[in-house]
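Colleague: Before I use this model, could you take me through what it shows and how far it can be read?

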Amino acid sequence: MPANLGGWTGLILILVVILLFAAPKLPGLARSLGQSMTIFKKEVRAKDDDDTSTSGAAAPGSEGAASSTTATDAESPRSTVG
């Protein structure tokens, strides 16, 4: 008999066993999988939004970059004479 268990027969047998013994837990597993996917999608969108907002503000040659360099130089009391 074990020689006849292969391919589709084994797959169907495993599916029946899972449905019989794990049926009460399947809705909870599906719910948690859906919640995990929702959280993952939100995080990916937030990362994309952060990437676009920071890449626009830190573009080379922008006014924001020049003013922050000037402010940093003015705040540091280092002497270059030496």
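Helices, surface and confidence

Colleague: In which helix is V16 found?

Modeller: This is a predicted model, in which local features need pLDDT of at least 70 and side-chain atom pairs count only at pLDDT 80 or more, while totals for chains, interfaces and linings use all residues. Residues are numbered from 1 along each chain as its sequence is written, and side-chain values use heavy atoms, with hydrogens and water left out. With helices taken as DSSP runs of H or I of at least four residues, strands as E runs of at least two, and both numbered from the N terminus, V16 belongs to helix α1.

Colleague: Is V16 buried, exposed or partly exposed?

Modeller: The classes rest on relative accessible area (buried under 20%, exposed over 50%, partly exposed in between, 1.4 Å probe, protein chains only). V16 has a relative accessible area of 40%, and therefore V16 counts as partly exposed.

Colleague: What pattern does the chain follow, read along the sequence?

Modeller: The chain contains three helices and zero strands. Read along the sequence, its pattern is therefore α-α-α.

Colleague: Which residues meet in a salt bridge?

Modeller: Searching the whole structure gives one salt bridge (a side-chain nitrogen of Lys or Arg within 4 Å of a carboxyl oxygen of Asp or Glu). D51 is partly exposed, at 37% relative accessibility. At 3.2 Å from N to O, the side chains that meet are those of K47 and D51.

Colleague: Which helix has the lowest mean pLDDT?

Modeller: The chain averages a pLDDT (the predictor's confidence in each residue, from 0 to 100) of 76, and 62% of the residues score at least 70. Where pLDDT is low, the predicted coordinates should not be read in detail. Helix α1 (residues 8-22) has the highest mean, 90, whereas the lowest, 50, belongs to helix α3 (residues 63-75).
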